[in-house]
Amino acid sequence: MDQDKINELIRVSQEAKEKAYCPYSKFRVGCALITEDGSVFTGCNVENVSYGLSICAERTAIVKAISEGHHNIKALAISSDMKNQFITPCGMCRQFIFEFGKHISIYQTKPDMSYEMETSSQLLWKGFGPSDLASERISQNGS
Ligand SMILES: [Zn+2]
């Protein structure tokens with residue numbers, strides 16, 4: 001992606017952060033993803049009083065894209081309010097992103113628009129993905 005497109009994706013992820021529902025952690029996160037055909041979907045973290053039900057910004061954006069029929073995710077940008085640290089996806093989100101591609105570019109940003117980019121494979125090294133289900137297996141009786 002060219003620099004203008006990257007900056008735009010980061011800017012949109014920062015806008016998505018404004019919608020975060022995080023009364024418990026007060027830790028706002030926004031995500032914007034772009035598909036191969038140029039469609040953009042956004043997400044924010046949505047917390048719940050039953051903490052385990054909380055969903056991250058990345059998964060919110062991906063579920064929105066998939067549910068609208070867009071599976072070819074090219075890149076995503078993640079934003080938070082951390083001044084001096086790049087926001088990175090949690091382990092659950094790394095697996096969730098990996099499901100839709102090993103080469104998705106993930107822009108991990110700071111509020112000043114600076115970023116580090118790593119791919120889904122880099123963030124989930126040796127990840128278990130859909131292609132693993134197609135690999136040769138022993139029979140279920142162990143032979
Ligand atoms: Zn997450």
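This is a predicted model: local features need pLDDT of at least 70, side-chain atom pairs count only at pLDDT 80 or more; totals for chains, interfaces and linings use all residues.
Residues are numbered from 1 along each chain as its sequence is written, and side-chain values use heavy atoms, with hydrogens and water left out.

Cys 44 belongs to strand S2; helices (H or I, at least four residues) and strands (E, at least two) are DSSP runs, numbered from the N terminus. Leaving aside neighbours within four places in sequence, Cys 44 is in contact with residues including Ala 16, Tyr 21, Val 29, Ile 55, Ala 57 and Thr 60, where contact means heavy atoms within 4.5 Å. Cys 44 and Glu 58 are separated by 14 residues in sequence and by 7.3 Å in space, C-alpha to C-alpha.

## Helix H1

Helix H1 covers residues 3–17, and at 1.5 Å a residue its 15 residues should span 21 Å, which agrees with the 21 Å between its end C-alpha atoms; the expected span is 1.5 Å times one less than the number of residues. At the N-terminal end, Asp 2 caps H1, with a side-chain oxygen 3.1 Å from the backbone nitrogen of Asp 4. Asp 4 itself is in helix H1 and counts as exposed, at 62% relative accessibility. Between Asp 4 and Gly 43 there are 39 residues in sequence and 21 Å in space, C-alpha to C-alpha.

The buried residues of H1 are Ile 6, Leu 9, Ile 10, Val 12, Ser 13, Gln 14, Ala 16 and Lys 17. An α-helix has 3.6 residues a turn, so residues three or four places apart point the same way. What covers the buried residues of H1 includes the strands S1 (29–35), S2 (40–44), S3 (73–80), S4 (105–109) and S5 (115–119).

## Helix H2

In H2, the buried residues are Ala 57, Glu 58, Arg 59, Thr 60, Ala 61, Ile 62 and Ala 65. Their cover includes S1, S2 and S3, together with helix H3 (91–98). After H2 comes Gly 69, whose phi is positive, near 90°.

## Cysteines without a disulfide

The structure holds zero disulfides, a disulfide being a pair of cysteine sulfur atoms within 2.5 Å. For Cys 31, the closest cysteine sulfur is that of Cys 93, and at 8.3 Å it is too far for a bond. Cys 31 is buried, with a relative accessible area of 0%, and Cys 93 is also buried, with a value of 0%.

## Aromatic rings and a charge

The structure holds three aromatic pairs; rings of Phe, Tyr and Trp (its six-membered ring) pair if their centres lie within 6.5 Å, and planes under 30 degrees apart count as stacked, over 60 as edge-to-face and the rest as tilted. One of these is the tilted pair of Tyr 24 and Tyr 51, with 5.4 Å from centre to centre and 35° between the planes. The pair links distant parts of the chain, 27 residues apart, since Tyr 24 is in the loop between H1 and S1 while Tyr 51 is in the loop between S2 and helix H2 (57–67). Tyr 24 counts as partly exposed, at 35% relative accessibility, whereas Tyr 51 is exposed, with a relative accessible area of 59%.

Elsewhere, the charged end of Lys 110 sits over the ring of Phe 86, 4.5 Å from its centre; this applies if NZ of Lys or CZ of Arg is within 6 Å of the ring centre and within 35 degrees of the ring normal.

Ser 120 lies in helix H4 and is buried, with a relative accessible area of 1%. Not counting residues up to four places away in sequence, Ser 120 touches Ile 97, Phe 98, Gly 101, Lys 102, His 103, Ile 104 and Ile 106. The side chain of Ser 120 reaches the backbone oxygen of Gly 101 at 2.6 Å.

Met 113, in the loop between S4 and S5, has a positive phi near 80° although the residue is not glycine, and at 27% relative accessibility Met 113 counts as partly exposed. Lys 126, found in the segment after helix H4 (120–123), likewise has a positive phi, near 60°, and counts as exposed at 71% relative accessibility.

How values were computed:
Buried means under 20% relative accessible area, exposed over 50%, partly exposed in between (1.4 Å probe, protein chains only). A polar contact is a pair of N or O atoms within 3.5 Å; within protein, one must be able to donate a hydrogen and the other to accept it, and residues adjacent in sequence count only if both atoms are side-chain atoms.
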